[in-house]
Amino acid sequence: MTRENILNAVVVAGLILFPLAAWQLDEPFLITLATKAVIFALAGVGLNIALGLGGLVSLGHAAFFGLGGYAMGILASHAQIYDPILTVPFVIEGSKSMPVIWLTAVVASGLAAFAIGALSLRTSGVYFIMITLAFGQMLYYFAISWPAYGGEDGLSIYVRNSFVGLNTLDPIQFYLICAVILFAVLYAMARMARAPFGLALNAARQSSARAETVGLSPYMLRLMAFVISGMITGLAGALFADLNRFVSPTMFSWQLSGEIIVFILIGGTARLFGPVVGAIVFVTLEHVLGGLSEYWHIFLGLLLLAIVLFARGGLIGLLTGKARAHD
């Protein structure tokens, strides 16, 4: 077993033991804090498919996070007031069922990722970064100007949505749902990275020209990775909205897109548990330093600067002694 695998096992153990300890100590706030870290980690894992495996630096991934959140908000808000979303040409009801909401969030985010990716991937480099940012900002301003669902003030959901057999209002049970989803996605990503698709995507990332000479289509590979990435990030957005029981246009903001990239950089780009470690560090710093000063982002910036200069493989690379996950 490699040092990175050992470190990954320690992270998994921490994600299991920390909330259980908080539950035993009757500290629901700490469980909620851990849930936030898990959801952010899930969003980071989603982006890491595009960024780490595909080399796509997207500054608009909050678009999918926000779409997932609004999918939850729209379905749940209509369900709580018993008002159908559409009546013509057929009736579409709201829903408080988490699986239904997750499916809607994944489909909506996937379709949006396909449309955005199909256009954005015709560019590269800084142009790709800016066009994804532009799409994210378009959705942000659309949400602000959408009074039916709160506009700039956002939309509150009074009761957390339901999952069969579980009390989702219990912090430890909701955490369990989020953690299981995160572990399932991590397992799927580990398999995908070693599957023919993942190997082809990595080849296209390293050299598009060489990939084309062996019959691969870098554009289609990157588009597929972008869509999968958007779907996972949209699922994270739905969970985040359920955690807070609130959605707002800030879920589309470019600052959130930047934070998701920061998760990956802190933990280590292209590393399976990189976004998980990064999200844990980010949420911890936000909680600890945010209580001391509203300028806590200065310390986050210093940490990020140190990682970029002295730990190119992120914290996982620093602890395992590998500069890059591909070494």
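# Briefing on a predicted helical model

Asn48 is buried, with a relative accessible area of 0% (buried means under 20% relative accessible area, exposed over 50%, and partly exposed in between, with a 1.4 Å probe and protein chains only). This residue belongs to helix H2; helices are DSSP runs of H or I with at least four residues, numbered from the N terminus. The model is predicted, so local features need pLDDT of at least 70 and side-chain atom pairs count only at pLDDT 80 or more, while totals for chains, interfaces and linings use all residues. Residues are numbered from 1 along each chain as its sequence is written, and side-chain values use heavy atoms, with hydrogens and water left out.

**Surroundings of Asn48**

- Leaving aside residues up to four places away in sequence, Asn48 touches Leu53, Met189, Ile264, Thr269, Ala270, Arg271 and Pro275; contact means heavy atoms within 4.5 Å.
- One of these partners, Arg271, is itself buried, at 1% relative accessibility.

**Helices H1 and H2**

- Helix H1 covers residues 3–24 and helix H2 residues 28–53; their axes come within 8 Å and cross at roughly 155°. Axes are lines fitted to C-alpha atoms, for helices over the stretch in contact, and angles run from 0 to 180 degrees between N-to-C directions.
- H1 is therefore roughly antiparallel to H2 (angles over 145 degrees count as roughly antiparallel, under 35 as roughly parallel, 65 to 115 as roughly perpendicular and the rest as oblique).
- The contact brings Leu15, Phe18, Pro19, Ala22 and Trp23 of H1 against Leu30, Ile31, Ala34 and Val38 of H2.
- By class, this contact has nine nonpolar residues, no polar ones and no charged ones. Ala, Val, Leu, Ile, Met, Phe, Trp, Tyr, Cys and Pro count as nonpolar, Asp, Glu, Lys and Arg as charged, and the others, Gly among them, as polar.

**Salt bridges**

- Side chains of opposite charge can pair when their charged atoms come close.
- Two salt bridges are found in a search of the whole structure; the term denotes a side-chain nitrogen of Lys or Arg within 4 Å of a carboxyl oxygen of Asp or Glu.
- Arg271 pairs with Glu4 in a salt bridge, with the closest N and O atoms 2.8 Å apart. This pair links distant parts of the chain, 267 residues apart: Glu4 is in helix H1, and Arg271 is in the loop between helix H10 (254–267) and helix H11 (274–290).
- Glu4 is buried too, with a relative accessible area of 15%.
- Glu286 and Lys36 form a salt bridge through their side chains, at 2.9 Å from N to O. Because Glu286 lies in helix H11 and Lys36 in helix H2, the pair ties together parts that are 250 residues apart in sequence.
- Glu286 counts as partly exposed, at 27% relative accessibility.

**Leu243 in helix H9**

- Leu243 is found in helix H9, residues 218–244, and is buried, with a relative accessible area of 9%.
- Not counting residues up to four places away in sequence, Leu243 touches Thr32, Thr35, Lys36, Ile39, Arg160 and Phe174.
- Between Leu243 and Cys178 there are 9.8 Å in space, C-alpha to C-alpha, and the two are 65 residues apart in sequence.

**Positive phi angles in loops**

- Asp26 has a phi near 60°, a positive value in a residue other than glycine. Asp26 sits in the loop between H1 and H2 and is exposed, with a relative accessible area of 63%.
- Tyr82 has a phi near 55°, also a positive value in a residue other than glycine. Tyr82 lies in the loop between helix H3 (62–80) and helix H4 (98–120) and counts as exposed, at 73% relative accessibility.

Note on methods: Helix = DSSP H or I, 4+ residues; strand = E, 2+ residues; numbered from the N terminus.
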